[in-house]
Amino acid sequence: MITLVHFQTCLSEFAEKFDKLASKYDHTIQHSAELEAVINDYSLFVTDSENKAAWEQLGHSELEELDSLIWQLRNKSAQCVAIMEKYRALKLENGDVQIADYFRNIEECIDKEFGSFQVTSDSKVLLVGSGSFPMTPLLIAKRTGAQVVGIDIDEESITLGQKVVKTLGAGLKIHLESTLLENLEYTKEATHIIFSSTVAPKYDLLDQLHALTNAQVVVAMRYGDQLKSLFNYPMRATDSTKWKLIDHILRPDDVFDIALYQKA
């Protein structure tokens, strides 16, 4: 039986590894293999059915004991995912296009992103938290012909992401920009908006988006609850006068699930 002590030990070990590897990032690919291995292991940990079942058996008081460690892991794993994307972008510059298991898992999720609210060539998609290796814009634009804009507050991520798009997405309607939602004119035009699961204030931003978007917009919120909350910021209740939850896309084998919202 998996116990609270087991989880504490595993999570502490992951937190220590993430902290160590985050501090090693020096804008080169020197430590990329080590970080990739840890994130792949972590992805397997949070999607393991045995771990999921054991996690659901933990009591409220036991989860409270893990609360501080959980927040630390969310923040550190999000930081390390951002760094791993930078590694992947830097490797691409050197001609290396190998894909890590984590990225493969994310790419498999993209096809299921909007459920029945399909993206077409006439759609205008906005990704919040596009990162250094903008897989979502690349795959959506390539498969649908839609216009896609990605924003990120990390200027290095945008610079690297633009190079990736130039290499892998020549001719596609993709634009990346380091800006805030309220400063982006495209926000008003977007038909589909995606929030990365590693964007910490995503529900605060969703609340803000109500006044900035059109009436028909569909928002895909990547999130993780229960065991997956170790690797994602979890779902939150929304203001029922602004947003209504219209669909859940639950993916047991993927690192995050998706909640779809439309305006109330």
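Two strands pair if DSSP finds at least two bridges between them. Helices (H or I, at least four residues) and strands (E, at least two) are DSSP runs, numbered from the N terminus.

**Ground rules**

I noted that this is a predicted model, where local features need pLDDT of at least 70, side-chain atom pairs count only at pLDDT 80 or more, and totals for chains, interfaces and linings use all residues. Residues are numbered from 1 along each chain as its sequence is written, and side-chain values use heavy atoms, with hydrogens and water left out.

Seven strands make an open sheet, and the order is 3-2-1-4-5-7-6. The pairing is mixed. Strand 3 (174-177) and strand 6 (243-249) are at the edges. Each has a single partner strand, so one side of each lacks a neighbour in the sheet. From one strand to the next, the twist averages 20°. Angles run from 0 to 180 degrees between N-to-C directions, and axes are lines fitted to C-alpha atoms, for helices over the stretch in contact.

Next I checked one pair. Strand 1 (residues 124-128) and strand 2 (residues 147-151) run parallel, joined by five bridges. In strand 2, Q147 stands opposite K124.

Then I asked what packs on the sheet. Helix 9 (residues 202-209) does. It touches strand 1, strand 4 (192-195), strand 5 (218-223), strand 6 and strand 7 (257-263). Contact means heavy atoms within 4.5 Å. The direction of helix 9 makes about 170° with that of strand 5.

**Entry: helix 1 and helix 2**

I moved to helix 1 (residues 4-23) and helix 2 (residues 32-47). Their axes come within 10 Å and cross at roughly 150°. That makes helix 1 roughly antiparallel to helix 2. The cut-offs: under 35 degrees is roughly parallel, over 145 roughly antiparallel, 65 to 115 roughly perpendicular, and the rest oblique. The crossing is left-handed, meaning that the near helix is turned anticlockwise from the far one by less than a right angle; clockwise would be right-handed.

From helix 1, the contact includes F7, L11 and F14. From helix 2, L35, V38 and F45 are among the residues they meet. I sorted the residues of this contact: eleven nonpolar, no polar and four charged. Here Ala, Val, Leu, Ile, Met, Phe, Trp, Tyr, Cys and Pro count as nonpolar, Asp, Glu, Lys and Arg as charged, and the others, Gly among them, as polar.

**Entry: helix 4 with helix 1**

Helix 1 packs on helix 4 at an angle of about 30°, with axes 9 Å apart. That makes helix 1 roughly parallel to helix 4. The crossing is left-handed. The contact holds twelve nonpolar, five polar and four charged residues.

**Entry: helix 4 with helix 2**

Helix 2 and helix 4 pack at about 130°, their axes 10 Å apart. They are therefore oblique to each other. This crossing is left-handed. Among the contact residues are S32 and Y42 of helix 2, and V81 and Y87 of helix 4. I sorted them into nine nonpolar, two polar and two charged.

**Entry: salt bridges**

How many salt bridges does a search of the whole structure find? It finds 13. A salt bridge is a side-chain nitrogen of Lys or Arg within 4 Å of a carboxyl oxygen of Asp or Glu. I picked K91 and E36, whose side chains meet at 3.9 Å, N to O. K91 lies in helix 4 (residues 60-93) and E36 in helix 2, so the pair ties together parts 55 residues apart in sequence.
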